[in-house]
Number of protein chains: 6
Amino acid sequence: MSGFSMVDVGGKDKTRRRAIAAGKILLGPEAYPLVAERRLPKGDALTLAEIAGIQGAKKTPDLIPLCHPIGLTKVKVMHVLRPEEQAVEAFCLAVITERTGVEMEALTGASTALLTIWDLSKPVEAALKIDALRLLYKEGGKSGTWINPEGLPDEARQLLDS
Amino acid sequence: MSGFSMVDVGGKDKTRRRAIAAGKILLGPEAYPLVAERRLPKGDALTLAEIAGIQGAKKTPDLIPLCHPIGLTKVKVMHVLRPEEQAVEAFCLAVITERTGVEMEALTGASTALLTIWDLSKPVEAALKIDALRLLYKEGGKSGTWINPEGLPDEARQLLDS
Amino acid sequence: MSGFSMVDVGGKDKTRRRAIAAGKILLGPEAYPLVAERRLPKGDALTLAEIAGIQGAKKTPDLIPLCHPIGLTKVKVMHVLRPEEQAVEAFCLAVITERTGVEMEALTGASTALLTIWDLSKPVEAALKIDALRLLYKEGGKSGTWINPEGLPDEARQLLDS
Amino acid sequence: MSGFSMVDVGGKDKTRRRAIAAGKILLGPEAYPLVAERRLPKGDALTLAEIAGIQGAKKTPDLIPLCHPIGLTKVKVMHVLRPEEQAVEAFCLAVITERTGVEMEALTGASTALLTIWDLSKPVEAALKIDALRLLYKEGGKSGTWINPEGLPDEARQLLDS
Amino acid sequence: MSGFSMVDVGGKDKTRRRAIAAGKILLGPEAYPLVAERRLPKGDALTLAEIAGIQGAKKTPDLIPLCHPIGLTKVKVMHVLRPEEQAVEAFCLAVITERTGVEMEALTGASTALLTIWDLSKPVEAALKIDALRLLYKEGGKSGTWINPEGLPDEARQLLDS
Amino acid sequence: MSGFSMVDVGGKDKTRRRAIAAGKILLGPEAYPLVAERRLPKGDALTLAEIAGIQGAKKTPDLIPLCHPIGLTKVKVMHVLRPEEQAVEAFCLAVITERTGVEMEALTGASTALLTIWDLSKPVEAALKIDALRLLYKEGGKSGTWINPEGLPDEARQLLDS
């Protein structure tokens, strides 16, 4: 027996939990302006990625084997242009009132948004890169509030207040 | 940023919510009697549609991007023959004890039932039509009980008592 | 035995098949301008519905019990404003190179798009209605080309050429 | 009307419910040692089946039409070798704090685990058999604790304590 | 590295492949007549199971980790009453024109049908049992036709001709 | 109209296409040895991630809105330890014989594997990071073979030969 288990969370209290994840896609000189100005031939990647990220967060228990099925109460994806890196940074806020979660939902939402931008940008540039997908903020549950030691970008604070 | 968001419902109370949706499929003189008498070559469309409607209601958060994943506590689909219009009317009742919903679940259930009748009837008649898909009744949550201004058919009252 | 069956299509040839479905959502005087001008509080319903419609078409075999899993080669959703009816009409084109299909995929795509517009409009107006969901055009397979006897709107022709 | 319904559980209390299901796959003299010693060409079937069983339990409401969508709080799959029968017995424990369930989740988990072992063993032996899939234990809800009249194997007791 | 892989089937030819799987659910003296006479309080389990089995077969690649996504061309589920054992036997025929498959699809279809009968019968009898889930017949692909050494029941022959 | 479309690939030929994607998860001094030595409390993250990656690749058209549903013929996930960075690098090979694809499938597979390692490592370390998710290799289709300008690691060559 390998001993995998979707661990028992039945004894935990339901508390409001929030998490923010973020990651970047490096687009390069060809694709960046087309994404940023929403001029890609296949359509506006940023809008599509917002929606795909929300749907992706809902699919987390289907994708990550030991994640519990949980009832997300809020998901929001926000994109920030990073012209100095020819990159887009995707932020995903996920909120629940549950016994466990919600980091993986935020991470899966951000990751799905970035992969969607990739899909629309790849006819223009093949050498794309997703970088620095990380958890920025976590609140609720026994372990309290956690902020990434590298700090909380302003955009993440803005999402928390949204 | 387009600003889509699966909006925060964490602050709302969980209350019992019920909704009924209904819609019609106009079958025409060839297909109507075969559906009504359950004699279609591919099988009894009404029974199949009842089951597909229940399953469809459960898939609502997968289909409608900003719908929250919610734990349906009851779903029931009922078909009523409308011989004067050569039509079948599908009613779907959906019930939850949640912070949000349950109109979209009832509508998706009714819509899936009607599309399933379509699928079995189309070898007989191509010019089918789904009409008058609407919300009939909504109860629970902050806004209280709402009844469609066109009135509540007896069949809907019967579903509420089922 | 009820005799349902996902019928054998293995003996049919793979041919290019195209179908267009369309349907309307009647929004009323409050919601219509907000949808048309993309000013709804929850975001641009028309863009969201385009994407949801494409995703919905892909889910057809999951929703409609006797539909075969097929490899869609193209899906496109187009919305047309109908100010005289305070309505939006959704058109969905679906294309495959397969042994069966593709009407149900086009219908499911149009239906999912309309339900998504509903979801974003319902905070403004509860008495919405989806009407006239119908097949407009079908091409390919043994039965050849079929055009809805009520005629093919210009927008559908435009989709066929897109 | 056939009268199918995902029945109303909204009036029931949420209680902690646990269920254990088990079943055997008879592998025969060729496949059994390869499975037991984790030497199958396609990989370690037992580890793969543990994970597939957990994922399968989560898909129960998608597979079994009248099952309610519920929030599983724990799922664990355990395999026990039965060399005297050249068989593997799969046990699945499922736990929820809900108004209904959790037998079907445990059964679907065990069944999915056994089918996964089948998939990896079939290149070696076609005449496999799944036998004795049954509920062993059920606890919580109005009907209290139920133990299969054929008795509760030690492995099931061990799972309850895990 | 554990070395799991959804193995490469790209070099194989697409051939028509058929498989039949079957299994029994032992219902006991209380539940058997209610299932057989379609008088269960929750509805006709046999009809529901036919449909669930078809849908279940389509979900095989989602449930069994190393199964390839394949385009089923036919699925049919048939139930046969076994009064001498107070049992129902479910047969599932699955057909494809593909490079691999279709045993697991037939087995998953039969298994889902049996679990659905379980779900409707469990309010009447908890000590149910699924037994003798096995492959009866396989045709197509490099290995040719295979018949279960225990023989091919008449009902399976009937399904092959359906 | 925003003009999104799952673009028409019906006119393209079906060719064998292969793609490899890779990405790293930086685990830090606490989590890295536990992952590398497969001693995490929740189980062997690397084995779980291999399987989750294969399943994730199959879900690509469900996650990425404009991706076509395609029939993957092979998927394989391989992990390579990078002790100098306290990281694991996940490689995903995806193969199809289709009209389009298969980069997004390889990327989604690698991304899902990395998120699964994250899920099992997060009780030990919250400040994880996924970095350098990129396409390494693409073969087949009109544009021929493409190799990432940063070069093809030996492990990717090994996967191509597997």
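Reply: Two strands count as paired if DSSP finds at least two bridges between them. Helices (H or I, at least four residues) and strands (E, at least two) are DSSP runs, numbered from the N terminus. Residues are numbered from 1 along each chain as its sequence is written, while chains are lettered from A and ligands numbered from 1 in the order in which they are written. The model is predicted: local features need pLDDT of at least 70, side-chain atom pairs count only at pLDDT 80 or more, and totals for chains, interfaces and linings use all residues.

Across the chain boundary, E5(F) and strand E5 (residues 129-139) of chain A run antiparallel and are joined by two bridges. Within this pairing, A:Ile130 has F:Leu133 of E5(F) as its bridge partner.

Inside chain F, strand E2 (residues 15-26) also runs antiparallel to E5(F), with eight bridges joining them. E5(F) and E6(F) make a hairpin with six residues between them, and F:Gly140 in the turn has a positive phi of about 100°.

E5(F) is mostly covered, since eight of its eleven residues are buried; a residue is buried if 20 or more other C-beta atoms, placed from the backbone, lie within 10 Å of its own. In a regular strand the side chains alternate between the two faces of the sheet.

In all, 40 residues of chain F are in contact with 40 residues of chain A, contact meaning that the C-beta atoms of two residues, placed from the backbone, lie within 7 Å.

Elsewhere in the assembly, 17 residues of chain D are in contact with 17 residues of chain B. The side of chain D that touches chain B comprises ten nonpolar, five polar and two charged residues. Strand pairing occurs here too: strand E3 (residues 72-82) of chain B and strand E1 (residues 5-6) of chain D are antiparallel over two bridges, with B:Val75 opposite D:Met6.

Chain D can be laid on chain B with an RMSD of 0.0 Å by a turn of 120° and a shift of 0.0 Å along the axis, the superposition being by least squares on the C-alpha atoms of residues with pLDDT of at least 70 in both copies. The two copies are therefore related as by a three-fold rotation axis. Among the residues of chain D, D:Gly71 comes closest to this axis, at 4.6 Å (C-alpha). Only 6% of the interface residues of chain D are also interface residues in chain B, so the copies meet through different surfaces.

Some chains do not touch. No contact joins chain B and chain F, whose closest C-alpha atoms lie 10 Å apart.

Conventions: Nonpolar A, V, L, I, M, F, W, Y, C, P; charged D, E, K, R; others polar. Buried ≥ 20, exposed ≤ 12 C-beta atoms within 10 Å, placed from the backbone.
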